[in-house]
Amino acid sequence: MMSDQLSLNSIFARMDKLFGQSEVVSRLPDKSLKRHSYAEVAARTRGLAHALKGLGIAKGDRVATLCWNHHVHLECYFGIPLSGAVMHTLNLRLSGEEIAWIADHAKDRVLIVDDILLPLYRQVAEHYTFEKVIVFPFGGESVPADLADYETLIGPHVGQPFTPAPHDETDPIGLCYTSGTTGRPKGVAYSHRSTVLHSLTASLPDYWALSGSDVVLAVTPMFHANCWGMPYGAVMTGASLVMPGPHLHADDLLDLIKEVPPTLSLGVPTIWLSLIQAIEANPGRWALPRGMRSIVGGSAAPESLIRAFADHGVTLCQGWGMTETSPLCTMSYIKPELADAGEDDKFRRRATAGVPVPMVGVRLVGEDGEEIPWDGKTPGELQVRGPYITGGYHDLPADLDKHTADGWLRTGDVATIDPHGYMRITDRTKDLIKSGGEWISSVDMENSLMAHPAVAEAAVIAVPHPKWNERPLACIVFKPGQTATPEALNEHLLGVFAKWQLPDRYEVLDAIPRTSTGKFWKLKLREVFPS
């Protein structure tokens, strides 16, 4: 067989050669839409690679992005690696000081930033200096004289051919930092090889099921684990992309869906929950496209949410992964041997994290270090390995706490896996509640609470207890105009939980605090409710 190396550039080469008529639809800050064909994006991407080379960017240099989801960010996904540099996506939901720390640790040389994010950039600049700052006039504002204009920079090179920088398949193309909820963020570098293998695997029929006829609404931020790798898969297959820009409110997303109906969408559960709530609160105003597939990840999606989407003709598929895993490791779908199972059983399985995808090894390990069988009952620490799972962190010594002696990644999640291979995340190791020597799953309790008709959101944390060590405290957000007593909520939980497991206390909030990627931020809740 030929020994051709795996390269992201081979995926890019397909963009205008095979799929030039596919398009990227970007929503601008004024909510208007701007359309670019893949052929136009490819020409502009080569222009960016030329411009970066002209700035003296060398192989392995880090070029950072501080951008919303739009066509220029897609150009960065391919243009930066074409030049031989490494694209480093910065999380725009962090503070300026936090972004500066990450940029300094990565040693970013150049920054590409949206004009509407310049106030945030100025905060970053107080702590870190980039050699060059390039501004994309996303909102149509004049670019400050002390900064470079993206369009002016790439303009002379658009349409010119570009020879990709020499590279090996193991060379890095992207850098993304973890959320840092348990300490300083850590950098994960993705290679040509890992990205190509992830794209091929994720696009298979039982997972993303991508095809050239798809229209993909990418709500997941492009700074979060490379938008779950979806931009690479879309370009590889010729699927069109719809980018919502900064407009992520439920009303805005539903208006966009109405204007450009997607066949596939992706985002975190809290976003999808807000869509259902908006539709229910405004009967007849919006409708989800029947037959649309929707991928959800980042945190567990309750079964009630999956059923609600099904009522609207949308199949919601849950996946699990991490920044460290590129990220897709498991995906929920109905395996052939379960085709005749009852609807309740099918919904229950769709509410799991799913089954492992090809090339990903998954195992559960007990406190004694022994591997746990897949019986669907016994929980253990989830460990994974594979060709697109990180073996270490950028510019950090080997983290013996994150990788086992035999090379498996410790995910920090606790899970069970049933004989069919369906994995259920029962908790994060740091979020498990140990009461009287017995474990209580906060994730299972949250999902059960969100199945109550009056509850919009629920997050459960452990609080200290003098006798039982820890007890569950449930933070609740009710749907507009609805309420329920603690007694009624406990009665609802009794169908799943034993009486001793029920929360001792409920706190009603206006909203659950969220991390920069939309997950419930339990660390903040523990700070608010320390006891």
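Tutor: Helices are DSSP runs of H or I with at least four residues, strands are runs of E with at least two, and both are numbered from the N terminus. This is a predicted model, where local features need pLDDT of at least 70, side-chain atom pairs count only at pLDDT 80 or more, and totals for chains, interfaces and linings use all residues. Residues are numbered from 1 along each chain as its sequence is written, and side-chain values use heavy atoms, leaving out hydrogens and water.

Student: Let's start with pockets. Which residues lie nearest the centre of the second largest pocket?

Tutor: Rolling a probe the size of a water molecule over the atoms shows where empty space is left. A pocket is an open set of points on a 1 Å grid where a 1.4 Å probe fits, with protein on both sides within 12 Å along at least five of seven lines; lining residues have an atom within 4 Å of a point. Here, 33 residues line the second largest pocket, and Pro 379, Thr 416, Thr 426, Ser 441 and Asp 444 lie nearest its centre.

Student: Which helices and strands each supply at least two residues of that lining?

Tutor: Look for helix 11 (303-311), helix 13 (442-449) and helix 14 (486-493), along with strand 18 (380-385), strand 19 (409-417), strand 20 (423-428) and strand 22 (438-440). Helix 13 gives the largest share of the lining, three residues. By class, the lining has 13 nonpolar residues, 13 polar ones and seven charged ones (Ala, Val, Leu, Ile, Met, Phe, Trp, Tyr, Cys and Pro are nonpolar, Asp, Glu, Lys and Arg charged, the others, Gly among them, polar).

Student: Next up, charges. How many salt bridges does a search of the whole structure find?

Tutor: Side chains of opposite charge can pair when their charged atoms come close. The cut-off is a side-chain nitrogen of Lys or Arg within 4 Å of a carboxyl oxygen of Asp or Glu. The search finds 25 salt bridges. One of them joins Asp 252 and Lys 31, with the closest N and O atoms 2.7 Å apart. That pair links distant parts of the chain: Asp 252 sits in helix 9 (residues 250-259) and Lys 31 in the loop between strand 1 (23-27) and strand 2 (33-37), 221 residues apart.

Student: Is Asp 252 buried or exposed?

Tutor: Asp 252 is buried, at 12% relative accessible area (buried is under 20%, exposed over 50%, partly exposed in between, using a 1.4 Å probe and protein chains only).

Student: Which residue meets Arg 109 in a salt bridge?

Tutor: Asp 61 does, with 2.5 Å from N to O. Arg 109 lies in strand 5 (residues 108-114) and Asp 61 in the loop between helix 2 (38-54) and strand 3 (62-66), so the pair ties together parts 48 residues apart in sequence. Asp 61 is buried, at 17%. There's also a network of salt bridges linking Asp 345, Arg 348, Arg 349 and Asp 418.

Student: Last one: sheets. What is the strand order in the open sheet of seven strands?

Tutor: Two strands pair if DSSP finds at least two bridges between them. The order is 7-6-5-3-4-8-9, with mixed pairing. Strand 7 (148-149) and strand 9 (187-191) are the edges, each pairing on one side only. Strand 3 and strand 5 run parallel over five bridges, and Ala 64 stands opposite Leu 111 in strand 5.

Student: What about the open sheet in the order 23-24-25?

Tutor: Its three strands also have mixed pairing. Strand 23 (455-465) and strand 25 (505-508) each have a single partner strand, so one side of each is left without a neighbour in the sheet. Strand 24 (residues 469-478) pairs with strand 25 in the parallel sense over four bridges, and Leu 473 has Arg 505 in strand 25 as its bridge partner. Arg 505 also meets Glu 507 in a salt bridge, 2.9 Å from N to O.
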